[in-house]
Amino acid sequence: MKSIRFLFCFFFILSIIILSSCGNNNNTMNLAGEWQFKLDPDGKGVDEQWYTTELEGTIHLPGSLQEQGYGEVPNPDTKWIGRIRTPDWLEQEPWKHIVDVESDYKVPFWLTPDRYYRGKAWYQRKIQIPAGWQGKSLELVFERAHWQTTVWMDSERIGSCNSLAAPHRYAIKDLAPGEHTISVCVDNEYLLNVGIDAHSVSDHTQSNWNGLVGALSLRALPDVRIADVQVYPDYQKKQARVKIMVENTTNATINAQLELNAATTANSPDQHMADLKSSEIELLPGESIHGLTLHLGEDAVMWNEFKPNLYNLAIDLKSGSEKDHKETVFGLRNIATQGTQITINGQKTFLRGTLECCIFPLTGYPDTSVEGWRKIFRQIKAYGLNHMRFHSYTPPEAAFSAADMEGVYLQTEIPVWTNPVGDTIISAFMTDEAKRILREYGNHPSFTMLCAGNELGPNRDEPKRDAYLSSLIESWRSADDRHLYASGSGWPSIAAADYQIRSEPRVFNWLNRYTSRIDAAPLEMTVDYTEQDAMFKGPVVSHEIGQWCVYPNLDETKKYTGVLKAKNFDLARTLLEEKGMGSQAQEFLMASGKFQTILYKEEVEAALRTPNHAGFQLLDLHDFPGQGSAIVGVLDAFWEEKGYVSAAEFSRFCNATVPLARIKKLTWTTNEQFAADIEVSHFGAEILRDVEPVWEIRDLYGRTLAQGSLEKTNIQIGNAQMLGKVTFDLNAIDAAMELKLVVKLGETGFENDWLFWVYPVKVEMNAGDVRIVNQLDDKIIDFLENGGDVLLTRAPDDIPQDKAFGFASIFWNKLWFPGQPAYALGLVNRVEHPALEAFPTEFHSNWQWWDLTLHSRDLVLDDLPDDLRPIVQVIDDWNTARKLGLLFEADYGKGRIMVCGSDIVSNLNERPVARQFRKSILDYMNSSMFKPPVELSNPDLEVIAGQFGEMAF
């Protein structure tokens with residue numbers, strides 16, 4: 001029976017394809033191809049009536065003028081769209097001496113286009129209207145334009161459209177058969193105050209392109225036609241309410257027949273065909289709306305992230321000898337809220353999202369192909385995500401179609417990043433854009449959420465703004481109940497919104513001098529955001545979590561083969577090579593990338609630990625090339641891996657199902673008992689039954705030190721589900737050790753792990769003949785010159801809070817947020833060096849380094865010998881690229897010196913990590929292996945001494 005039903009579905013879909021393609025051949029003219037073209041930088045075209053003359057140049061559409069070599073080469077006078085927070089940057093170092101403004105202009109703030117054009121451009125094409133179109137109404141469609149289009153047919157002005165979110169559609173009447181000329185003026189000036197950083201228009205991301213992309217068509221319409229179809233599914237009743245708008249352009253009342261056929265698409269996980277629905281209707285002249293209920297039957301299939309079953313709905317309108325045909329897709333999907341959580345078809349879900357900010361380096365404009373978007377969505381699902389937010393823009397329909405197929409929940413936004421208060425033009429634009437978005441894309445089941453825009457206005461009470469947004473949301477909800485609606489990403493939060501998107505439930509804290517809880521105190525892996533969520537009504541989604549920088553992948557520049565070039569990376573390479581560290585670029589990438597992944601793990605797990613939290617939106621799974629170059633992704637700008645974390649590794653802690661551990665600290669001593677409360681966050685397709693969680697504690701060599709199992713249980717849908725407790729006595733450990741707790745959920749395949757560190761309570765600390773000092777003076781210099789060994793380390797009062805190195809990585813980047821105290825991207829540790837033999841560490845920063853970095857001031861080594869390589873090196877911001885050291889060694893005279901930027905002197909009884917670090921250093925210095933490879937001169941020692949206070953030679 002199932003095979004027969006499948007064959008019915010197959011032949012039904014095949015017949016639709018055949019009928020559809022026949023209709024397109026007869027009624028639709030594809031306008032892709034060569035067009036006449038002319039730039040209009042002075043805006044003279046309208047006054048000089050260019051639409052009445054033949055333009056001289058040629059260009060191919062769909063496409064942008066920039067990708068076809070038009071426009072000027074960027075220069076210091078280029079009028080960009082997008083803020084530069086340091087307008088005089090070219091007068092500042094290092095840009096002043098490394099940017100060649102004459103021959104190779106480079107911008108550090110975003111990708112540099114090969115060509116730049118801002119203003120009007122004209123596109124023109126001759127067409128032949130066939131005799132069969134005599135008297136027909138025509139529709140001209142440009143799928144995606146940037147920005148405003150104005151159309152003339154021959155010498156008649158048809159109209160203008162300024163949508164950034166939807167196709168530009170033009171109605172044309174009374175066009176006689178024969179040759180005609182379409183002229184289109186496209187203006188990519190900053191026409192409305194949508195916000196110069198809005199990703200719908202800004203050079204920060206997609207670039208300010210000019211052109212027409214996607215489908216370009218002219219269609220002849222029947223006199224009686226289907227103007228619009230909106231489908232409102234009801235998963236509980238297994239039916240869909242179909243609202244069909246019909247236009248009767250004749251002067252007569254017409255009897256017509258509507259036929260509806262629905263069947264799942266060929267790539268749906270399950271196959272199903274609904275019964276034919278037919279209805280006789282009477283059509284008065286003009287527009288009319290007809291509501292029909294399509295009963296799908298008891299075996300109807302649902303759409304969600306796990307089974308994205310998609311129905312194709314074909315509608316035929318027959319009136320006399322005329323026939324019109326239209327197709328749309330829908331899914332049996334209902335999104336709603338239940339308390340503080342979001343549900344899909346009645347089941348709780350957790351939004352695990354990332355942003356998409358219109359980042360398309362090859363073209364400079366968003367992809368209009370379904371397959372291109374499917375590749376992106378497959379990638380984010382491989383990394384455990386189920387959700388994507390489009391930041392201050394709405395993508396082409398291909399994105400919705402691809403998300404339908406892959407099972408991804410989309411939040412799109414009105415294309416603004418501004419304050420609509422007092423600006424009637426912008427508020428009207430927002431109202432119109434929302435209507436267009438809902439009409440064009442509303443049937444797609446992946447279109448689950450609509451937001452009014454990004455960070456709308458100042459983050460304070462704005463009664464007029466909030467009143468406007470409330471009325472906007474209420475109008476959306478009353479017209480279309482298929483989506484959830486938010487008042488603004490980040491802010492504002494208003495009562496009318498279905499859910500809130502807030503930055504309070506995340507690690508980074510705007511209110512405390514750009515710092516975070518992981519810099520304020522050692523990590524407590526118990527933190528959740530219950531208190532922050534309670535500040536707001538309804539579901540709360542964490543806004544733009546993460547934003548932790550990683551060092552640029554300088555080898556990535558070869559991927560930029562399109563209109564945008566990563567010259568920001570070229571500048572970073574130049575600076576790094578000037579400082580003699582060009583060979584370390586890959587090392588910096590890998591070490592900072594591993595550290596970034598560690599920070600993201602805590603970001604994600606804290607959200608998952610929060611009871612009844614609604615979800616999070618990463619900024620970003622992939623790099624954001626604008627706003628100072630925010631290299632914040634674990635994937636590059638092309639959605640490809642950088643080499644330091646795979647999808648399999650990332651999805652251990654970011655997934656529909658994740659084991660979690662609440663651990664009060666990650667550094668322990670041997671007189672303590674390690675303890676962890678084991679929980680699970682489970683938002684899978686169904687309850688997991690009879691699961692026996694198992695745990696194991698291993699050392700770095702993979703040896704099992706302890707293991708056990710927790711009580712067998714059924715894992716329900718939801719998070720904060722307690723599974724049990726793990727304890728482990730540490731008194732049998734006799735040396736500093738890095739251990740790993742691994743938790744597996746039985747045979748389900750889901751597992752997670754956490755590192756922790758154990759240090760001896762009693763440490764034999766023999767300084768031997770080493771003199772430990774916190775300042776260089778004449779006596780110490782003499783001691784060195786005569787063959788002595790010196791450990792120079794920081795004193796507590798030499799580390800003022802505003803000068804401390806700090807633990808967390810740079811947030812976003814220093815060019816965009818220069819006020820943040822963070823300036824580095826973690827550490828590079830020479831793990832093979834014997835000075836670290838007794839101090840367990842990876843080659844990168846991890847949580848055990850918190851105490852040492854917060855009680856430290858690094859040392860600038862730029863003026864020391866080029867071959868001086870720190871044992872523990874700080875990775876500086878790529879925009880300054882200083883050689884920074886936390887621990888390094890050298891010869892001086894007949895003696896040897898070890899320099900440590902951390903305080904390894906004070907309160908060692910309460911600081912086991914610093915105590916162990918000191919021991920490891922002294923053990924090395926008192927061994928035969930203490931043989932520094934670099935010799936310092938007297939001026940070199942002056943440089944070091946100057947960073948530890950005054951010293952007179």
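Okay, quick definition before anything else: when I say buried, I mean under 20% relative accessible area, exposed is over 50%, and partly exposed is in between, using a 1.4 Å probe and protein chains only. With that in hand, take Trp812: it is buried, at a relative accessible area of 2%. This tryptophan lies in the loop between strand 45 (789-793) and strand 46 (824-829), and its phi is near 65 degrees, a positive value in a residue other than glycine.

Now the housekeeping. This is a predicted model, so to speak: local features need pLDDT of at least 70 and side-chain atom pairs count only at pLDDT 80 or more, while totals for chains, interfaces and linings use all residues. Residues are numbered from 1 along each chain as its sequence is written, and side-chain values use heavy atoms, with hydrogens and water left out.

Overall picture next. The protein chain has 15 helices and 50 strands; those are DSSP runs numbered from the N terminus, helices being H or I with at least four residues and strands E with at least two. Its radius of gyration is 32 Å, close to the 30 Å that the globule rule gives for 953 residues, so the chain is as compact as a globular protein of that length. That radius is taken over C-alpha atoms, and the rule is 2.2 Å times the number of residues to the power 0.38. The C-alpha atoms fill a box of roughly 110 × 70 × 50 Å along the principal axes. Of the 953 residues, 61% count as buried.

So what's inside? The largest nonpolar core has 197 residues, and Trp373, Leu741 and Phe917 touch the most other members. Helix 10 (residues 585-609) gives the largest share of this core, 13 residues. Apart from it lies another core, of 30 residues, including Tyr123 and Leu218. A core here is a set of buried Ala, Val, Leu, Ile, Met, Phe, Trp, Tyr and Cys residues joined through side-chain atoms within 4.5 Å.

Let's stay with Leu741. Ile697 stands opposite Leu741 in strand 42, and strand 38 (residues 693-699) pairs with strand 42 (residues 737-745) in the antiparallel sense over seven bridges. By pairing I mean that DSSP finds at least two bridges between the strands. Strand 42 also pairs with strand 43 (residues 751-759), antiparallel again, over eight bridges, with Leu739 opposite Phe756. The hairpin of strands 42 and 43 has five residues between the strands, and Gly746 takes a positive phi near 55 degrees there.

Four strands form an open sheet in the order 16-15-18-19, with antiparallel pairing. Strand 16 (277-283) and strand 19 (322-330) stand at the edges, each with a single partner strand, so one side of each is left without a neighbour in the sheet. Strand 18 (residues 311-319) and strand 19 pair over nine bridges, and Ser319 stands opposite Glu322.

Most residues other than glycine have a negative phi, and most peptide bonds are trans. Trp639 has a positive phi near 65 degrees; this residue is in the loop between strand 33 (615-619) and helix 11 (647-650), and counts as buried at 6% relative accessibility. As for cis bonds, one runs from Leu61 to Pro62, with omega near 5 degrees, and another joins Glu93 and Pro94, omega about 5 degrees.
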